[in-house]
Amino acid sequence: MKVIAVSHGTYAGGLIDTVQMIAGPQEDLKAFGLAEEESVDTFRERIEEEIKAAGDGEEILIVSDLFYGSPFNAVVSLMQKYDLYHLTGINLPLMMEVIMGRYGGKTAQEICESALEAAPGTFRDVRELFKEAEE
């Protein structure tokens, strides 16, 4: 399975770098960041080239940073042409869920389902944690 992270600026690249720091080097893991001076069309074309490079029958899971942002919209337009899985609102805990799921042999559909189940637990109010610890 190929995993592609897309974002505004350098977020996707930083996310991939951090994932690889934690989980080790990963194959078929790519990042694309929309540069300020880049058109969305050019950005979409770069992503599409990576999609075309996938092997026959290889699943493609794309994660994007922001619901309804330009990278999100670029991927949505590609979903009309290609059979893609797409999660949006990606953060480091969810990206680790994706990578560990892939490592564990899950399908893209199974990874999407488990990431959605895990999402409610990805944010914690640290002040509340401290209050709970004091009680």
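The model is predicted, so local features need pLDDT of at least 70 and side-chain atom pairs count only at pLDDT 80 or more, while totals for chains, interfaces and linings use all residues. Residues are numbered from 1 along each chain as its sequence is written, and side-chain values use heavy atoms, with hydrogens and water left out.

**The whole chain**

- The chain has six helices and four strands, where helices (H or I, at least four residues) and strands (E, at least two) are DSSP runs numbered from the N terminus.
- From the N terminus on, these elements follow the order β-α-β-α-β-α-β-α-α-α.
- Along the principal axes, the C-alpha atoms fill a box of roughly 55 × 35 × 25 Å.
- Buried residues, meaning those under 20% relative accessible area with a 1.4 Å probe and protein chains only, make up 39% of the 135 residues.

**Helix H4**

- After H4 comes Gly105, whose phi is positive, near 85 degrees.

**What H4 packs against**

- The buried residues of H4 are Leu94, Met95, Met96, Val98, Ile99, Gly101 and Arg102.
- These buried residues pack against several elements, among them strand E1 (2–8), helix H1 (11–23) and helix H5 (108–118), where contact means heavy atoms within 4.5 Å.

Definitions and conventions: Buried means under 20% relative accessible area, exposed over 50%, partly exposed in between (1.4 Å probe, protein chains only).
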